[in-house]
Amino acid sequence: AIKKGTGSLDNVIYEEASYEGYGPNGIAVFIETITDNKNRTVGEIRHVLSKAGGSLGQSGSVSWNFDRMGIILVEESSIEEDRIFSISIENDAKDFKLEDGYYKLFFDHNVLYQKIELIEKISVEVDSSFIAFVPKDFIKVSSSDGERVEKLIDMLEELEDVQNVYSNYEIEQSSW
């Protein structure tokens, strides 16, 4: 088990694979994996999806609804919103959001590292950066359905070979 975890087993080849499927309420699920056994991995993913009321889809069935984006996080307390917003416009950001105490700047994933260098050159401290699949359209779900979806995503993320899980659900805010 230790040799497997450190990648020092002889004749074991790890491959990246992605899987697409649907969860409760028809939400799209895009799953990235690294595995030494695709048959085992797809079986585990299929089992988790079906257990949660979803299904495994074919290649391309949900990926069309996701853009691969490079995301840069800048801590909210480190810069004024007007300045970071201007920086995002000057650097051709695709989107700009404030979430959980961080400004999120979205770029084409191919130019992420160039944008980090440009932003750091103007003395803005980048907290972190990563590449992610960002949904183009969201499906709104109730808070109880949202809990079911979050449980599904947690179960998928607990699988040994799963690296990332992306989805397009958004929990509706109650109006009262």
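In the predicted model, phenylalanine 66 is buried, with a relative accessible area of 6%, a value that falls under the 20% below which a residue is called buried. Phenylalanine 30, at 5% relative accessibility, likewise counts as buried. A search of the whole structure finds five aromatic pairs, and these two phenylalanines form one of them, a tilted pair with 6.1 Å from centre to centre and 40° between the planes. Because phenylalanine 30 lies in strand 2 (residues 28-35) and phenylalanine 66 in strand 4, the pair ties together parts that are 36 residues apart in sequence.

Phenylalanine 30 also forms a tilted aromatic pair with phenylalanine 133, in which the centres are 4.6 Å apart and the planes stand at 45°. Phenylalanine 133 belongs to strand 7, whereas phenylalanine 30 belongs to strand 2, so this pair ties together parts that are 103 residues apart in sequence. With a relative accessibility of 15%, phenylalanine 133 counts as buried.

The chain as a whole contains five helices and ten strands, and its C-alpha atoms fill a box of roughly 55 × 50 × 30 Å along the principal axes. Of the 176 residues in the chain, 38% are buried. Among contacts between residues at least 6 apart in sequence, 68% join residues that are at least 24 apart.

The largest nonpolar core has 19 residues, of which Val29, Ile31, Ile45, Leu152, Leu156 and Val165 touch the most other members. Two or more residues of this core are given by each of strand 1 (15-22), strand 2, helix 2 (38-51), helix 5 (143-157) and strand 9. When neighbours within four places in sequence are left aside, leucine 156 is in contact with Val29, Ile31, Ile45, Val48, Leu49, Val162 and Val165. Another core, of 14 residues, lies apart from the largest one, and its members include Ile72, Ile79, Phe96 and Phe107.

Isoleucine 79, a member of that other core, is found in the loop between strand 4 and helix 3 (81-90). Although it is part of a loop, isoleucine 79 is buried, with a relative accessible area of 10%. Apart from neighbours within four places in sequence, isoleucine 79 is in contact with Val74, Ile84, Ile87, Tyr103 and Val124. The C-alpha atom of isoleucine 79 is separated by 45 Å from that of isoleucine 13, a residue 66 places away along the chain.

The space left open by the protein was also examined. About 480 Å³ of space lies in the largest pocket. This pocket is lined by 19 residues, and those closest to its centre are Glu99, Lys104, Pro135, Phe138 and Ser167. At least two lining residues are supplied by each of strand 4 (66-75), strand 5 (95-99), strand 6 (102-108), strand 7 (128-135) and strand 9 (162-167). Strand 7 gives the largest share of the lining, five residues. By residue type, the lining of the largest pocket divides into 14 nonpolar, one polar and four charged residues.

Notes. Residues numbered from 1 in each chain as written. Predicted model: local features only at pLDDT ≥ 70, side-chain atom pairs only at ≥ 80, totals over all residues. Heavy atoms only, no water. 1 Å grid on protein atoms, 1.4 Å probe; cavity = no way out; pocket = protein on both sides within 12 Å on 5 of 7 lines; lining within 4 Å. Points joined across faces, edges and corners; volume = space filled by probe spheres on them. Helix = DSSP H or I, 4+ residues; strand = E, 2+ residues; numbered from the N terminus. Nonpolar A, V, L, I, M, F, W, Y, C, P; charged D, E, K, R; others polar. Phe/Tyr/Trp six-rings, centres within 6.5 Å; stacked < 30°, edge-to-face > 60°. Buried < 20%, exposed > 50% of the residue type's maximum accessible area, 1.4 Å probe, protein only. Contact = heavy atoms within 4.5 Å. Core = buried A, V, L, I, M, F, W, Y, C linked by side-chain atoms within 4.5 Å.
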